[in-house]
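Me: I would like a close look at a single part of this model.

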Amino acid sequence: MAFGNLPTGNDEQDTRLFQVFQPGYGAGLRVLFNKATRTNLALDYAFGKFGNRGFFLNLNESF
């Protein structure tokens with residue numbers, strides 16, 4: 001699975017909506033962890049602006 005995102009505002013830095021764009025993209029894998037509750041194990045590797053990158057592990061979906 002591939003994904004992309006484009007946050008457009010940040011309350012912590014007092015950035016207004018559509019003032020600054022912070023693109024990100026990556027790829028991930030979803031594995032069914034528990035069939036009864038339909039819980040997924042998510043493994044993602046993402047890239048962002050200014051050379052940022054990271055590995056993310058998640059149990060269930062975040063959105």
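By class, how many nonpolar, polar and charged residues does the lining of the largest pocket have?

Reply: The lining of the largest pocket has seven nonpolar, six polar and three charged residues; here Ala, Val, Leu, Ile, Met, Phe, Trp, Tyr, Cys and Pro count as nonpolar, Asp, Glu, Lys and Arg as charged, and the others, Gly among them, as polar. The model is predicted: local features need pLDDT of at least 70, side-chain atom pairs count only at pLDDT 80 or more, and totals for chains, interfaces and linings use all residues. Residues are numbered from 1 along each chain as its sequence is written, and side-chain values use heavy atoms, with hydrogens and water left out.

The largest pocket holds about 240 Å³ of space, a volume filled by probe spheres set on grid points that are joined across faces, edges and corners. A pocket is an open set of points on a 1 Å grid over the protein atoms alone, where a 1.4 Å probe fits, with protein on both sides within 12 Å along at least five of seven lines; lining residues have an atom within 4 Å of a point. Of the 16 lining residues, Asn 5, Gly 24, Ala 46, Phe 47 and Phe 56 are the closest to the centre of the largest pocket. Two or more lining residues come from each of strand 1 (2-5), strand 2 (24-34), strand 3 and strand 4, strands being DSSP runs (E, at least two residues) numbered from the N terminus. Strand 3 gives the largest share of this lining, four residues.
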